[in-house]
Amino acid sequence: MTTTGMRPEGQELPFNVFAKACPSRGTLEHVTGRWGALTLGALYEGSLRFNELRRRVDGVSEKMLSQTLHALERDGLVLREAQPTNPPRVDYELTPLGREVAERLLSLIHYVEGSMDAVLRARERYDETRGAR
């Protein structure tokens with residue numbers, strides 16, 4: 001599927017995630033990577049501070065969460081709001097675009113979670129016939 005957007009200089013640019021040079025590919029990687037998807041899903045529940053988000057996304061390192069948040073912020077999916085308090089307080093929340101993306105991701109996440117019995121049975125069959133790796 002392709003969508004047409006506009007370059008700043010006014011020329012049309014077809015976006016095609018299957019094309020190596022298309023900028024949509026980087027955004028897709030940010031959104032669908034393990035930490036991006038989980039971060040967007042966690043922020044769908046509401047605004048969170050960095051450490052709250054890190055606890056919610058179990059297993060993510062501080063460095064990976066920071067990199068993920070920067071990428072999602074740059075893509076216009078996450079808003080970082082620093083509050084002038086002592087100590088400083090930084091909250092993260094989804095932008096309207098981020099909320100749309102998170103809704104779609106959460107549909108996929110819920111589908112996968114609901115299908116895990118079938119996935120686990122398939123893995124068991126695979127391992128029985130091909131040997132566990």
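In which loop is P87 found? In this predicted model, P87 lies in the loop between β4 and β5.

**View 1. The cis peptide bond at P87.** N86 and P87 are joined by a cis peptide bond, with omega at about 0°. The loop that holds P87 runs between β4 and β5. These two strands comprise residues 78–83 and 89–94, respectively, and the buried residues of α4 pack against both.

**View 2. Helix α4 and its buried face.** The 13 residues of α4 should span 18 Å at 1.5 Å a residue, and the distance of 18 Å between its end C-alpha atoms agrees with this. L65, T68, L69, A71 and L72 are the buried residues of α4. Seen down the helix axis, these buried residues fall within an arc of 165°, so they line one face of α4. In an α-helix there are 3.6 residues a turn, so residues three or four places apart point the same way. K63 and R74, on the other side of α4, are exposed. The partners of the buried residues are α1 (23–32), α2, α3 (50–56), β4 and β5. Just after the helix, G76 adopts a positive phi of about 80°.

**View 3. The packing of α2 with α4.** Helix α2, residues 34–43, packs with helix α4, residues 62–74, at an angle of about 75°, and the axes are 10 Å apart. The two helices are therefore roughly perpendicular to each other, as angles of 65 to 115 degrees are classed in this way. From α2, the residues W35, G36, T39, L40 and L43 take part, and they meet M64, L65, T68, L69 and L72 of α4. By class, this contact contains 7 nonpolar and 3 polar residues, with no charged residues.

**View 4. The surroundings of T39.** T39 belongs to helix α2. Is this residue buried or exposed? T39 counts as buried because its relative accessibility is 1%, and the limit for a buried residue is under 20%. Leaving aside residues up to four places away in sequence, T39 touches L53, V57, L65, T68, L69 and L72.

**View 5. The packing of α1 with α2.** Helices α1 and α2 pack at an angle of about 65°, and their axes are 4 Å apart. This angle makes α1 roughly perpendicular to α2. H30, V31 and T32 of α1 make the contact with R34, G36, A37 and L40 of α2. The residues of this contact comprise 3 nonpolar, 3 polar and 1 charged.

Note on methods:
Residues numbered from 1 in each chain as written. Predicted model: local features only at pLDDT ≥ 70, side-chain atom pairs only at ≥ 80, totals over all residues. Heavy atoms only, no water. Axes fitted to C-alpha atoms, helices over the stretch in contact; angles between N-to-C directions. Parallel < 35°, antiparallel > 145°, perpendicular 65-115°, else oblique. Contact = heavy atoms within 4.5 Å. Nonpolar A, V, L, I, M, F, W, Y, C, P; charged D, E, K, R; others polar. Expected span 1.5 Å × (residues − 1). Buried < 20%, exposed > 50% of the residue type's maximum accessible area, 1.4 Å probe, protein only. Arc of directions from axis to C-beta.
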